[in-house]
Structures are given as structure tokens and as C-alpha cells.
Amino acid sequence: MEYQGKAVVEGIGMGKVQLLLSAFDHELEAYEKESQEAEKDKLQKAIEGGLEQIDKILDQARNSTNKDQIAIMEAHVLMMHDPMLQDTIDRYIEDGLSAPEAILKASDEVAAILGSLDDPYIRERAADVKDVGNRIIRILLGIPDPKLDGHNIILCGEDIEPSVIANLSSEQVVGIVMGSGSDTSHSVIIAKSKGIVTIVGIGEEVSELKNDDIAIVDGYEGKLLMHPDEATVRKYEEALKIEEEKRVYYLSLKDLPAVTMTGREITLATNIGNPKDIDDALKYGGKGVGLFRTEFVFMGKKQMPTEEEQFEAYRYVVERSENNLCVIRTMDIGGDKPLSYLDIGKEENPFLGWRAIRICLERTDIFLTQIKAILRASAYGKLAIMLPMIIGYEEVIAAKALIVEAKTMLDEQGQVYDKNIEIGIMIETPAAVIMSDELAKEMDFFSIGTNDLVQYTLAVDRGNQRISHLYDHFNPAVLRSIKTVIDGAHKHGKWVGICGEMAGDPLATKLLVEMGVDELSMSGPSIPKIKEIIRKMDVEENIVEEVLKQKEVKIIRKLLAGTLLANIIK
């Protein structure tokens with residue numbers, strides 16, 4: 001039996017199924033309800049107990065420096081104190097429900113509100129609300145956290161909670177299978193940080209699985225194979241051996257350059273969101289930072305970070321970049337990543353709203369403070385400034401004028417900085433693509449943010465499972481847009497990078513290099529695999545013309561190599 005889902009964490013896992021169910025029907029029936037005051041008192045004690053549990057998870061995460069897990073569990077702490085959730089629970093208790101029933105109803109209600117919003121990031125937080133609610137309910141009903149028995153476990157469930165995955169060990173769990181979920185969910189983010197093979201979206205079929213059934217999770221093709229025959233088992237055992245050999249081989253590539261067989265070198269940089277991320281990225285052989293998402297410097301604070309706080313964060317990264325270029329993107333804050341101290345207001349579609357450069361050009365005090373911090377950090381290494389969400393010439397001219405103003409302020413203070421610091425823009429809107437030839441005259445470089453470029457070009461919400469199959473960076477319109485940007489930049493002698501998920505996609509490497517891209521920036525673990533492909537490339541065997549003739553995604557993908565699993569096994 002084979003089930004098809006979506007691969008979100010690559011790899012192969014072989015083991016036995018263990019189901020994780022979150023229904024509380026039997027325990028709720030046995031629960032004895034007391035007075036409203038008593039139920040509210042039990043609720044508060046359960047919340048305190050939940051906070052203690054999360055504190056323990058956070059301590060473990062901090063010891064392992066798992067930054068994704070830390071950020072997510074800190075968000076769960078905030079949800080425990082969320083007045084909207086608390087008020088809804090209290091209302092249901094006052095309507096006569098027991099505390100656990102009230103939490104169940106309230107978390108479903110709040111999750112439904114979040115799940116109905118247009119913004120995919122906020123929609124994904126609906127699962128976190130349910131996770132927090134389930135934690136409190138388990139404490140009230142005396143149900144212990146899920147316990148796993150044995151090793152080589154393939155954990156299966158409709159939507160496994162982030163806090164459950166946070167407690168998993170990759171030595172015990174070899175695979176995760178979910179009926180729902182997406183690649184942007186907190187559950188998947190934590191699974192990826194732990195390196196546990198994961199597939200999502202197999203649908204209601206997950207309820208058909210049984211404990212202790214033998215299974216294989218194929219994290220390359222998004223398949224769950226149940227009761228595999230001996231030939232299939234041997235095939236995947238061989239693939240696992242090759243995976244381990246590849247892992248050792250990839251580590252050996254760390255200090256080698258990403259040079260094609262014809263002698264063309266491509267810069268492989270890393271994407272980071274937290275200053276400390278640079279320490280992990282360096283071990284994979286990344287040459288500098290292609291994208292430093294500075295909004296994370298602003299998030300999780302009660303007030304705007306000072307110039308000095310920002311300066312220290314940027315200096316930390318540039319000093320560890322070992323004289324390689326570090327591209328710092330200015331604040332890309334918006335309604336999907338709100339700040340408590342910046343009144344953005346509710347927007348129907350925050351991805352098309354007041355965000356990024358639009359905020360910076362209106363709130364010049366915020367922009368000037370950040371630019372001064374970046375400029376000061378440029379005295380300690382090689383830095384570049386990148387402006388996000390650009391749609392036109394006027395924004396570029398206005399932003400450059402403010403950068404000149406920031407330089408003047410530093411000159412008056414006698415501060416040292418790189419007076420020739422490069423300034424570039426992130427190409428992530430169709431407008432920027434169309435105007436790229438003109439914009440290249442004003443900028444020092446372009447970096448193509450394929451994640452948003454795909455979403456805006458195709459008008460596809462990748463968080464919407466019903467249409468997520470349409471979200472594909474191999475769509476002919478996207479590929480032609482990328483080629484337009486590269487040609488427009490090179491025409492004026494400017495370099496071009498890619499900093500979206502496409503940069504780390506092995507299927508895209510040959511095409512992007514042959515299109516003429518100068519830099520690929522990705523997560524650290526992706527670098528060795530992409531480096532290997534580049535080092536085996538013969539650029540003279542150009543496939544660009546043939547690919548750009550095609551009209552269908554499936555034909556383009558076929559031209560670009562077939563499946564990743566086939567590449568591993570052959």
C-alpha cells in the first residue's frame with residue numbers, strides 16, 4: 001500500500017508506525033465538573049503547569065541551540081497569556097461548560113478565526129492555538145504527554161503538535177507523517193531543524209494506519225509505503241547507505257570552491273535570520289551571507305531596537321563572515337510579522353499592504369537608525385545593503401537619498417564606515433522584474449527572492465493547500481522573469497544572486513548557473529549538495545534555450561533531471 005503526500009523534509013526513514021491521537025472523548029466523559037469559580041481556578045493552575053512544561057522544553061532547546069524551536073515555544077508562552085483565548089475560555093465556562101470542554105471549544109473557535117484569514121503565516125498559527133489548548137486540557141484531565149516506545153519510529157497523526165515534535169529525538173524517530181500541514185507550519189519547521197524526514201498532506205488515509213505496521217517514509221517523493229516487500233526494503237536500505245556516504249562526502253567539500261568544470265565560480269552564501277545562525281552556516285562551507293533577514297532583530301522586543309543594539313548584531317555577523325560579503329536586508333516587517341510597538345493595524349492582505357520599504361520610506365526615523373547601524377558595522381568587514389519589496393524607480397531614489405543622509409550624520413559624528421558600500425534591491429515583485437533593466441542603472445546588485453516572486457507572479461497563496469500545487473518556481477513565467485532580471489543586470493555590469501528556496505533546489509542549480517546567476521544563497525545544510533552539482537557541471541552543455549521554449553511545468557521538470565531519489569540511488 002502506498003500513500004502520496006508532500007515531501008517537506010528530505011531523507012528516508014524505515015521503521016514501525018506509531019499513531020498519535022489527540023481526541024479526549026473518553027476522558028471528557030469521566031471528568032467531574034464543579035462550580036464556575038472552581039473550574040476557573042483549575043484552569044489557571046493548568047495554565048501555570050503548562051508554562052512550567054514549556055519552560056523545560058525551552059531549557060532543552062537552549063542547550064541544543066535550536067533557534068527555530070526556541071522561537072516557536074516562546075510564541076506558545078505568549079499564547080498561554082493571550083487575552084483573546086483567555087476571554088473565550090472564560091465565556092464558555094460561564095455558559096456552563098467544564099474547563100476542559102471550554103478550552104476545547106475556545107481553541108477551536110480562535111483557531112477557526114485565524115484559519116479563515118488570507119495571510120498564510122497567520123493561518124498556520126491556528127495549529128499552535130490548538131497545541132496550547134491541548135496541553136492545558138491534558139493537564140486538567142491528568143493525561144501525560146505522549147510517550148514513544150522503542151526506536152525507528154514513524155510517528156503518524158492528522159496534525160502533530162509542534163510541542164510534541166519539539167520533544168522528539170532524531171535517534172528514536174526516523175520519520176513523521178501528517179494528514180494535513182504545510183511546509184510553513186511550526187511542526188514542520190521544528191522537524192526540519194531536527195533533521196527528521198517528514199511528509200505532509202496524505203489526507204484522511206492517515207486514520208487507516210495501524211500501530212507497529214512496517215513502513216518506509218520517502219522524503220524525496222513524498223511517499224509513505226506500507227508493508228513493503230523484500231525487494232523494496234533492499235532498495236531503500238541501499239539508498240540509506242548511499243545517503244550516509246553522501247553526508248560524509250558533502251562534509252569533505254566544505255573548503256572546496258564551487259567551480260564548474262569549465263572554470264566558472266559561483267558564490268554559495270547562506271541565508272540567516274538570527275545573528276547566531278552564522279556560526280552554524282560556516283561549518284557547511286558557505287561564503288558569506290546572501291540574505292540576513294533583519295526583521296528578527298526587531299521581533300520579540302517591547303520597543304524598537306536602538307542603533308547600538310542593531311550595530312552589535314550586524315557587526316557580529318560581518319566579523320564571522322571571514323571577509324566574505326554579508327548582504328543585510330533592511331527591515332521587512334508587515335502585517336504578517338507585526339510588532340507590538342509599531343502600529344501597523346489590521347490589513348485584509350498584509351502581503352500587499354504597508355510593509356518593508358513602504359514603512360521605511362514613511363517612518364524614516366526607523367530606516368535611518370537601521371542604515372546607520374549597518375554602515376557602522378561595515379567598518380568591520382564586507383557589507384552590502386539590500387532593499388526589499390521594491391516596485392519602482394521612485395522608491396529606489398528615495399531610499400538612496402536617505403542612505404546619503406545617514407552617511408552625512410555619521411560623518412558629522414566622526415564615525416568610520418565603508419563609503420563605497422554596495423546597495424542592491426530584492427527582486428520579488430513582477431513590477432521590479434519588468435523595470436529591472438532601468439533599476440540596474442541605479443543599483444550595485446540584484447538578489448531575486450523567488451519565494452515571493454513566485455507567489456506574486458502566479459497569484460498563488462502557497463499556504464492554501466487547495467491551490468498549493470500551482471506554486472512552482474519552475475513555472476515558465478517565473479523562469480522567464482528570472483532570465484529577464486539576470487540579463488538586465490549583466491547588461492549594466494551588475495551581479496545577480498538568488499536568495500529564495502529555489503537557490504537550494506538541486507533541480508534548479510544547472511539551469512540557474514547556465515542562465516548566468518552569480519550567487520546562490522540558501523540554508524547552510526543545502527550548500528554541500530549544490531556545490532557538488534556545480535563542480536560536476538559543464539556550462540557549455542547549455543539547456544536554457546530548450547527549457548525556456550517549454551510551456552508546461554511537468555516537461556520542464558523532466559528536462560531538469562527526474563526525481564531526486566533516482567539521482568541518489570543511481
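Predicted model: local features only at pLDDT ≥ 70, side-chain atom pairs only at ≥ 80, totals over all residues.
Colleague: Okay, so what describes two packed helices?

Modeller: The general idea is to give the angle between their axes and the distance between the axes. Here, α18 (residues 450–458) packs on α19 (residues 476–491) at about 125°, and their axes lie 10 Å apart. The two helices are therefore oblique to each other.

Colleague: What is the handedness of the crossing of α18 and α19, and which residues make the contact?

Modeller: The crossing is right-handed. From α18 you get T450, L453, V454, T457 and L458, while α19 brings A477, V478 and I482. Sorted by type, the contact residues are six nonpolar, two polar and no charged.

Colleague: What about side chains, how do I read a salt bridge?

Modeller: Look for a side-chain nitrogen of Lys or Arg within 4 Å of a carboxyl oxygen of Asp or Glu. That rule gives 29 salt bridges here. Take D108 and K130, whose closest N and O atoms are 3.9 Å apart. This pair links distant parts of the chain, with D108 in helix α5 and K130 in helix α6, 22 residues apart.

Colleague: Which residue pairs with K419, and how exposed is K419?

Modeller: D411 is the partner, with the closest N and O atoms 3.0 Å apart. K419 is exposed at 52% relative accessible area, whereas D411 counts as partly exposed at 40%.

Definitions and conventions:
Residues numbered from 1 in each chain as written. Heavy atoms only, no water. Axes fitted to C-alpha atoms, helices over the stretch in contact; angles between N-to-C directions. Helix = DSSP H or I, 4+ residues; strand = E, 2+ residues; numbered from the N terminus. Parallel < 35°, antiparallel > 145°, perpendicular 65-115°, else oblique. Left-handed = near helix turned anticlockwise from the far one by under 90°. Contact = heavy atoms within 4.5 Å. Nonpolar A, V, L, I, M, F, W, Y, C, P; charged D, E, K, R; others polar. Buried < 20%, exposed > 50% of the residue type's maximum accessible area, 1.4 Å probe, protein only.
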